[in-house]
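Take a look at the protein shown here. Keep it in view as you read.

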Amino acid sequence: MTAQTGDGIREAIRTEALLRGFDAVGFAEARLAENARADLAEFLARGYHGEMAWLAAHAERRGDPRTLWQEARTVVVLGLNYGAEDDAGPDRDSGIVSIYARGRDYHDTVKKRLKALARWITERWPGELKVFVDTAPVMEKPLAQQAGIGWQGKHTNLVSREFGSWLFLGEIYLSLALEPDAAESDHCGTCRNCLDACPTKAFPAPYQLDARRCISYLTIEHKGMIDIELRPLIGNRIFGCDDCLTVCPWNKYARTTAEPDFLSRPELTAPRLAALARLDDAEFRHMFAGTAIKRIGRDRFLRNVLIAIGNSGDATLAKAAYHCLDDAAPLVRASAVWAYSRLAGDASVVERDARLPAETDPMVREEWARDISGGRG
């Protein structure tokens with residue numbers, strides 16, 4: 001099948017994808033521009049990926065779609081809008097969950113829809129194909145730009161002229177060679193709203209992200225205690241961060257999603273920190289079943305909740321932190337020490353003196369010892 005005779009196939013796939021609920025559809029050749037591979041190599045060389053070792057382990061496959069699957073000739077890039085209604089922001093006794101994680105885990109929804117479209121394609125044009133969401137080593141944002149869906153903004157996320165910052169992406173790799181769409185150009189101009197909005201200054205330069213300072217990385221990918229200098233900057237963000245996305249001027253074209261799976265659950269719009277801090281493992285799994293939050297596990301999530309409690313400035317939340325000082329998980333106990341010490345004043349000194357001698361975990365001991373030295377942060 002040549003690119004010239006494939007025009008009808010391409011437009012039929014585009015039409016069917018839109019009928020099946022996808023909001024954006026584009027076609028790209030199954031290769032990446034040299035600058036995309038160079039950017040990945042520089043990102044890894046600088047150590048900006050932090051603990052995300054899987055990025056380095058699969059760098060070669062990620063940088064070349066045909067290394068991932070040598071039969072690939074065309075990549076169909078598909079986007080689903082997950083835009084949410086504006087909210088005023090929660091009170092200090094509540095946590096902030098990133099918009100993408102307030103509904104059903106998008107991996108399930110996107111993959112199900114991709115597979116249905118893939119079946120429709122193979123029924124009409126027999127040939128091999130493969131379906132990917134972002135669990136595979138695919139550089140989906142550069143491919144989306146090549147397919148004309150959007151461009152990577154200065155915050156390194158995809159920006160769409162139709163949907164602003166709010167597109168989930170998925171890909172179907174085809175063995176068919178179809179004519180690619182025109183690539184999207186960069187429309188950021190001189191704007192630097194996203195760079196200036198970052199609480200932790202995670203952007204060393206435009207189009208560069210140091211994930212080690214990114215709140216989304218810290219609250220989701222990072223497994224241990226968060227650096228003490230960064231904890232106060234996290235505020236009450238307990239899963240992810242949307243600050244660099246929400247300030248983008250292109251969001252004036254964004255719209256609320258029509259996909260029920262992506263609508264925000266009321267209990268995740270402004271969840272109460274005190275209640276979250278008391279979740280045991282079974283309650284955590286029940287509350288977050290079917291969401292992206294479940295994958296980080298209860299202990300890491302409570303670490304995030306306790307950092308938010310420590311940042312609240314609300315002395316009434318000291319009780320919630322105190323409750324976690326006896327938690328079985330060292331990560332939770334250590335986070336509780338930090339939160340309690342920030343809220344409880346002299347009472348934290350009494351607890352320190354009572355608990356430190358019996359504490360055996362070095363991470364928790366370090367947090368209590370930091371209080372002794374006056375370096376609570």
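This report covers a sheet, the helices beside it, a helix pair and a cavity.

This is a predicted model, in which local features need pLDDT of at least 70, side-chain atom pairs count only at pLDDT 80 or more, and totals for chains, interfaces and linings use all residues. Residues are numbered from 1 along each chain as its sequence is written, and side-chain values use heavy atoms, leaving out hydrogens and water.

**The sheet**

Four strands form an open sheet in the order 1-2-7-4, with antiparallel pairing. Strands (E, at least two residues) and helices (H or I, at least four) are DSSP runs, numbered from the N terminus. Two strands pair if DSSP finds at least two bridges between them. Strand 1 (24–29) and strand 4 (129–132) are the edge strands, each pairing on one side only. On average, neighbouring strands are turned by 20 degrees against each other, direction ignored. Six bridges join strand 1 to strand 2 (residues 74–81). A28 has V75 in strand 2 as its bridge partner.

The table gives their angles, which run from 0 to 180 degrees between N-to-C directions, with axes fitted to C-alpha atoms, for helices over the stretch in contact (heavy atoms within 4.5 Å).

| Helix | Lies across | Angle |
|---|---|---|
| Helix 1 (residues 7–19) | strand 1, strand 2, strand 7 (167–174) | about 150 degrees to strand 1 |
| Helix 6 (residues 106–124) | strand 2, strand 4, strand 7 | about 30 degrees to strand 7 |

**A helix pair**

Helix 15 (residues 297–311) packs against helix 17 (residues 330–343) at about 5 degrees, with axes 8 Å apart. The two are therefore roughly parallel, a term for angles under 35 degrees. Their contact has 10 nonpolar, three polar and five charged residues. Here Ala, Val, Leu, Ile, Met, Phe, Trp, Tyr, Cys and Pro count as nonpolar, Asp, Glu, Lys and Arg as charged, and the others, Gly among them, as polar.

**The cavity**

How many cavities of 30 Å³ or more does the structure hold? There is one. A cavity is a set of points on a 1 Å grid over the protein atoms alone where a 1.4 Å probe fits but cannot get out; lining residues have an atom within 4 Å of a point. The largest cavity holds about 40 Å³ of space. Its lining includes W125, E128 and L174.

Terms used. Angles under 35 degrees count as roughly parallel, over 145 as roughly antiparallel, 65 to 115 as roughly perpendicular and the rest as oblique. On a 1 Å grid over the protein atoms alone, a cavity is a set of points where a 1.4 Å probe fits but cannot get out, and a pocket is an open set with protein on both sides within 12 Å along at least five of seven lines; lining residues have an atom within 4 Å of a point. Grid points are joined across faces, edges and corners, and a volume is the space filled by probe spheres set on the points.
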